[in-house]
Amino acid sequence: MTPQRDVDEEQAFLDLAYASLDAMRRDAEGLRDSVLDLGRGGTFQSRTERDIVVRGALARLAQLDVGEQPLCFGRIDFAPAERGAEPEAFHIGRLAIASEDRRPLVVDWRAPIAEPFYRATGRDPLGLVRRRHLSVKYRTVLGVEDEFFTDADGTFPTLGDDAAASVDPDGLVASERPIGGAGALFAALGRARSGQMGDIVATIQGEQDEIIRAPLAGALLVQGGPGTGKTAVALHRAAYLLYTHRFPLEGQGVLVVGPNPLFLRYIEQVLPSLGESGVTLSTVAGLVTAAKVAGIEDPELERLKGGAVMAQVIARAIRLRQRRLRAVAEVPFGASVLRCTPEQSATIIARAERRLGSHNLRRRFVEAEIVKLFAKQLTERNDPDDEPIDLKALRAQLRTLGAFIDVLDRMWPRLSPHELLHDLYGALPLLNAASKNLLREDEIRALVRPRSSSLDEVPWTTADLALIDEAQALLGPRHEGSKRRHDPDVARDGGRWPEGLDGRDLAPMEMPADEIRAFGHIVVDEVQDLSAMQLRMLQRRSLTGSMTVVGDIAQSTSPGSLGDWDAITAQLCPNRSVTTVELTVSYRTPAEVLEMAAVVLAIGAPDLVVPTPVRRSGHRPRYVRTDVTQRLTAVVALAQEELEAVGEGRVAVLVPQHLMAATIAAFTAAEVEIVDPRHGGARGLGAALVILPVEDANGLEFDAVIILEPAIVARRESGDGAETHQGMRTLYVAMTRPTRRLTLLATEDGPVDFSAWSVS
């Protein structure tokens, strides 16, 4: 039992910390209001300075807003330099707090001095004699949990009368595993789910902290099974890097990529709770602005479009649009007719192809070469005493002539990525030419799609967007100019832009919407489900190759996924250093669930094993058989049982996609409210009872899960009715979503022998 004096001591400190936090907020509000009171007038410089101050004050207020999360959650006591002296104590919290006299009260959890709070063990106490975890609700201390560490001679120095305890060899008192703050961790794991991922800042474990504090440079690849906290670790790492490397990351930006919009809504509050609100969250598809997903892909076609070979197809499709003239082109110009022969056009095209830069940028070079050709023709016809031809003026005149633009478009058209792909899919001859010796004939035919009347009506799929992005990278912005001026760019053949047409006359503009933005650091979650083309999308968005990549090959379920870490890193981090680490302990998923899931994983991914659990929930999973005619009635009844069992927790019903409508109708008929969180509005995953297609559950967690028809799930994408590796992995993912209770409801045998978990 926690001594009351310890609780009172920590409560007094917490009151002081909150009073200082409130004072810091008042200071920030006062700064904001004092600037706003000056009004909107003044010089441009004064308005700019005022805006900077206001933005800074607002950012500071956002940082100081901890909401209902505990401000302070721990304390560490360092051994004194001299025996008999008092230990030096530091309180650990969400952000640094100082008193009015600037005395540090709370240390930011990301600061180097806080590292022993997460890393200290009995074997290596890192100078600590005590680590204390605080149980806090709102602004009230409910209890404390102390762990004591020995000094070199095995004694507990200056800890008082309550320090007597036996020391576990792994550094914990009364713990079977090397877990820091076991009581605080298990209390956090035992709480009912809220429908949103919470931060784990108060319970980060040693192996997780090492990943969070890893260096910024290079790519960090984290393999972690269900419940190991890999997603939370990746998000906390983003917060740590922003704290430690504020410059340059705040300016360069941090991107977090998740598998679907539902998952992003699930994790969206983690970084703000850690004081970081400037991070960009997106799905892979959300990174493409040229088109939106409107269709669902056939699995085999999705696999084909996701293959790395499609990068070569797209590149060749672009090159096919860079072509010589078939006949002499004539451009009427005043009393003259300017001509470009097929041979001359071939020379220009060949020179343009040897140049560096995107397709649309090199169109500028082609135009300049044609202008130079026409200028030479005019010079030859003019009187020798005439003034030299002004290339800029000539170009401006030619640009007003439809015949000139037609010649340029035939030789080197300005292209947009979605138009290119739409044209490619809609023309079998173009597909044949672009895919020759790259794809089989049946694969080429599978890519053919009828042309739509407008680009807005094209049923783009997620796989299409990766190809559009590949094309965008090769094409470059369609519109001339960017906020970065064009460089003269020496060509590979030694040529330069013709004098007067080097692009420097272009007025600087803001970055076009179709220019791909890169980030200083990228966090990629559930990377195991991304295709090669999607991985290429992320690679080109990295400024320096700094990434945190997390996933679990055992949970690879999408048709286009590579299913191998070497293949993933080859696409995502080519020619970059990659550090691979593994999270081996499952904190969220109880042992009972992992024992049942292990028999599925043995078939879906026989070379992999489930992580080691740290706790038991006390609830044995259930395998329930019923008749197909009673299937929907049974699932409603089981859901009602689970709702009563979890109290304030969350229950999920995971079903095969084709059974979604019928299952929802059964709950509606029984007057039991169930929510599809993909369309559930503000409630979403916060509803007490949700339903999802089984393949959309990756990354989520619930107190209780009911899986309908596991045998059907196991046959996902099967052509002959047998279990597939993809189906078994999908079932494994679904089975490892609960934190407490798991039920499988089946009307047929399979996919494995679940008789040990059968209930009548």
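## Histidine 91 and its surroundings

The side chain of H91 makes a polar contact with the side chain of E10 at 2.8 Å; a polar contact is a pair of N or O atoms within 3.5 Å, where within protein one must be able to donate a hydrogen and the other to accept it, and residues adjacent in sequence count only if both atoms are side-chain atoms. This is a predicted model, in which local features need pLDDT of at least 70 and side-chain atom pairs count only at pLDDT 80 or more, while totals for chains, interfaces and linings use all residues. Residues are numbered from 1 along each chain as its sequence is written, and side-chain values use heavy atoms, with hydrogens and water left out.

H91 belongs to strand β2 (residues 88-93); strands (E, at least two residues) and helices (H or I, at least four) are DSSP runs numbered from the N terminus. H91 is buried, with a relative accessible area of 9%, buried being under 20% relative accessible area (1.4 Å probe, protein chains only). Beyond four places in sequence, the residues in contact with H91 include F13, C72, R75 and V107, contact meaning heavy atoms within 4.5 Å.

## The six-stranded sheet

An open sheet of six strands is ordered β9-β8-β12-β13-β7-β14, with parallel pairing; two strands pair if DSSP finds at least two bridges between them. Because β9 (280-283) and β14 (578-583) stand at the edges with a single partner strand each, one side of each is left without a neighbour in the sheet. The twist averages 15 degrees from one strand to the next.

Six bridges join β7 (residues 219-224) to β14 in the parallel sense, and Q223 has E582 in β14 as its bridge partner. Helix α21 (residues 565-572) lies across β7, β13 and β14, at about 155 degrees to β7. Axes are lines fitted to C-alpha atoms, for helices over the stretch in contact, and angles run from 0 to 180 degrees between N-to-C directions.

## Nonpolar cores

The largest nonpolar core has 81 residues, of which W109, M735 and F754 touch the most other members. Helix α6 (residues 230-244) gives the most to this core, with nine residues. Such a core is a set of buried Ala, Val, Leu, Ile, Met, Phe, Trp, Tyr and Cys residues joined through side-chain atoms within 4.5 Å. Outside four places in sequence, M735 is in contact with residues including V593, I707 and F754. A second, separate core of 51 residues includes V284, L301, L304 and A471.

Notes
Buried < 20%, exposed > 50% of the residue type's maximum accessible area, 1.4 Å probe, protein only.
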